[in-house]
Amino acid sequence: KKMALIIKKLEFTVSEDFDLNEKTLEYFTKSGFKQIVSNSTEKKIRFERGSIASNMWTFNPLKWKSEIEIDINGKEVKAIFNINAAGQMPTTKDEELWETFIANYQKYVCESNFDFLLENSENLKSTKSKNLKYVGWAVIGGLIGGTPSIFIAQLTGIDSIISIGAALGAVVFLMIKIDGDKKKRVL
């Protein structure tokens, strides 16, 4: 139903004359991204973070597998963020966190004395708190799906039905809650 790849783009022009490469490197490396050194003569700067395996275990959307490509041409900056959300059900808060992280890159480059580390840290705390509530919804869904599964398992003698029913209930309940929240955001 949904693609696991989220693509965000950012384009802006700076008015002051300073080293855009240096500020870009500082923003992303201090945020935990690794620079990918390319062999080509391209002027693009690339960063990466995370892996598909770590996607399934992290509660920090900024640690999802992602690749960022930044093209700096004079005072113009063009950036493409490829965020792989495989193994995740991205919430509204997750997407807002990425949008803020991307906007903060532009703010950091364009404004002096902007504390992007503090800003990004506060947004991450808020996202983790909201996402923890989704875990509660998953538990409720697991109970709702698991309860009738107990009776079915007793009738059939197949114990694995309990696990399947609980997991299915958790996932369905979680998807309904996340989709509902996304629809509220659109309205």
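Two strands count as paired here if DSSP finds at least two bridges between them. With that in mind, let's tour this predicted model, one close-up at a time.

**View 1. A bridge between β3 and β4.** Arg49 has Ser66, in β4, as its bridge partner. Strand β3 covers residues 44-49 and strand β4 residues 66-73. The two strands pair in the antiparallel sense, over six bridges.

**View 2. The open sheet of five strands.** Reading across the sheet, the order is β1-β5-β4-β3-β2, and the pairing is antiparallel. The edges belong to β1 (5-13) and β2 (34-36); each has a single partner strand, so one side of each is left without a neighbour in the sheet. From one strand to the next, the twist averages 20°.

**View 3. Helices α1 and α3 on the sheet.** Helix α1, made of residues 20-30, lies across β2, β3, β4 and β5 (76-84). The helix α1 runs at about 5° to β3. Helix α3, made of residues 92-110, lies across β1, β4 and β5, and runs at about 20° to β1.

**View 4. Helix α4 from end to end.** Here we follow the 41 residues of α4, residues 116-156. At 1.5 Å a residue the helix should span 60 Å, and its end C-alpha atoms are 57 Å apart, which agrees.

**View 5. The kink in α4 and the residue after the helix.** Where does α4 kink? Look at Gly146: a kink of about 25° lies there, shortly before the proline Pro148. Following α4 comes Gly157, with a positive phi near 80°.

Key
Residues are numbered from 1 along each chain as its sequence is written. This is a predicted model: local features need pLDDT of at least 70, side-chain atom pairs count only at pLDDT 80 or more; totals for chains, interfaces and linings use all residues. Side-chain values use heavy atoms; hydrogens and water are left out. Helices (H or I, at least four residues) and strands (E, at least two) are DSSP runs, numbered from the N terminus. The expected span of a helix is 1.5 Å times one less than its number of residues. The bend at a residue is the angle between axes fitted to the seven residues ending there and the seven starting there. Axes are lines fitted to C-alpha atoms, for helices over the stretch in contact, and angles run from 0 to 180 degrees between N-to-C directions. Contact means heavy atoms within 4.5 Å.
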